[in-house]
Amino acid sequence: MLVLGLETSCDETAAAVVEDGRRVLSDVVSTQVDIHRRWGGVVPELASRNHIVQVMPVLHEALTRAGKTLDDIDLLAVTSGPGLIGALLVGLQVAKGLSLATGKPFVGANHLEGHLLAIRLLEDAPSPPFLGLVVSGGHTSLYEVRDYGNYRLIGRTRDDAAGEAYDKTARILGLPYPGGQPIDELAQKGNPEAIRFPRALPGDNFDVSFSGLKTAVLHHVQKHGVPEGQALHDLCASFQEAVADVLSKKLVAAARRLGHTQLVLCGGVAANSRLRALCKQRAEERGLRMFLPPVRLCTDNGAMIAVAGYEAWRRGLRGDFRLAADPAWRME
Ligand code: KG4
Ligand code: ZN
């Protein structure tokens, strides 16, 4: 079964052709970061406008690279939530239009389910049940994946998402948006023990909190000025250590408490080198298996939406023309 996945929920216009929910034939991502960078974050109206410009060329490119035409496609999968409403509508209306014109079925896919199921594209992929930590610019949520379509939210951030903490910290330090990658790179040459930033582990549950950490960085900068040279490397490494420490601790603690042996990290922040290393190390120390998608599959892409759409289709979900975009769609 050939699925064309289409993603326009935030600031990436992406399309991919995936066979049987497992084999990627093409995967095209057009990012808008250069457009949003000067504003220090995603501007929803600019995002929608640029999706309109990019969506057809990106779709066309995905089909061309896969060596397919629309005729070959069996199912159109499109992100219908959660995300920015105007941005979601672009992808959804295109999918509906193509479905109407070609007679091909379409299905609405959940963006977070896409992140969680992207791991299925690895050759050595876990089957449910597993524990999945989604860490992105908009979400930090821990899910028990009991089966496809059966998800239980067991922990989340009380305030900022992990990616949001990176992006806000980068802003404080005068680094470009999005802040994850630049901080990750600067941290490579820093001492993670230079500054002891707070680790908020709110209570005996699986929630996390990052706004205190961001404020601690702000206070540090107000007191000592924006660091340069080695001091900047050290601050980035210390900040990064605090984020990775908290997330990996909660993930492993949840696995042990709930009896899971397979762990998955996903979403844009799962591209983070220290978070990946620490999660792997802590999981292995306790005999748990940590599955890490390649960086390309961590950030937003169309392939993950094709997988989520394929699984939704297999459990009987069908899109109809009344399907609305749902900016706050809760997967559980
Ligand atoms: O999943 P994603 O591409 O989009 C959302 O659905 O939000 O995640 C984007 C987030 C941004 O906040 C970005 O700063 C962060 O992922 N990110 C990283 C890294 N690469 C991207 N955070 C930490 N380390 C990285 N290497
Ligand atoms: Zn995402």
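Trainee: In which sense do strand 7 and strand 8 pair, and over how many bridges?
Mentor: This is a predicted model. Strand 8 covers residues 150–156. One of the bridges joins E144 to R152 in strand 8. The pairing of strand 7 with strand 8 is antiparallel, over six bridges.

Trainee: Which residue takes a positive phi in the hairpin of strand 7 and strand 8?
Mentor: The hairpin has two residues between the strands. A positive phi near 85 degrees is found there, and the residue that takes it is G149.

Trainee: Why is strand 7 described as largely enclosed by the rest of the structure?
Mentor: Buried here means under 20% relative accessible area. Strand 7 spans residues 140–147, eight in number, and it is largely enclosed because the count of buried residues among them is six.

Trainee: Which residues are the closest to ligand 1?
Mentor: The shell around ligand 1 holds 20 residues. By class, four are nonpolar, 13 polar and three charged. The closest are G137, D167, G180, G268 and N272.

Trainee: How far is an oxygen atom of ligand 1 from a polar backbone atom of G180?
Mentor: A polar contact is counted for N or O atoms within 3.5 Å. The side chain of H115 has an N or O atom 3.3 Å from an oxygen atom of ligand 1, and a backbone N or O atom of G138 lies 3.4 Å from an oxygen atom of the ligand. For the polar backbone atom of G180, the distance is 3.0 Å.

Trainee: What percentage of the area of ligand 1 does the protein bury?
Mentor: Taken alone, ligand 1 exposes 560 Å². Elements that give two or more residues to the shell around the ligand are helix 4 (111–117), helix 5 (162–172) and helix 6 (180–187). The part of the ligand's area that the protein buries is 89%.

Trainee: How far apart are the end C-alpha atoms of residues 24–306?
Mentor: UniProt lists residues 24–306 as "domain: Gcp-like", in an unreviewed entry. Over these residues the chain is 49% helix and 17% strand. The end C-alpha atoms are apart by 9 Å.

Note on methods
Residues are numbered from 1 along each chain as its sequence is written. Chains are lettered from A and ligands numbered from 1 in the order in which they are written. This is a predicted model: local features need pLDDT of at least 70, side-chain atom pairs count only at pLDDT 80 or more; totals for chains, interfaces and linings use all residues. Side-chain values use heavy atoms; hydrogens and water are left out. UniProt positions are given in the numbering used here, feature names are shortened, and annotations may be inferred rather than shown by experiment. Helices (H or I, at least four residues) and strands (E, at least two) are DSSP runs, numbered from the N terminus. Buried means under 20% relative accessible area, exposed over 50%, partly exposed in between (1.4 Å probe, protein chains only). Two strands pair if DSSP finds at least two bridges between them. A residue is near a molecule or strand if one of its heavy atoms lies within 4 Å of it. A polar contact is a pair of N or O atoms within 3.5 Å; within protein, one must be able to donate a hydrogen and the other to accept it, and residues adjacent in sequence count only if both atoms are side-chain atoms. Accessible areas come from the Shrake-Rupley method with a 1.4 Å probe; for residues, only the protein chains shown count as cover. Ala, Val, Leu, Ile, Met, Phe, Trp, Tyr, Cys and Pro count as nonpolar, Asp, Glu, Lys and Arg as charged, and the others, Gly among them, as polar.
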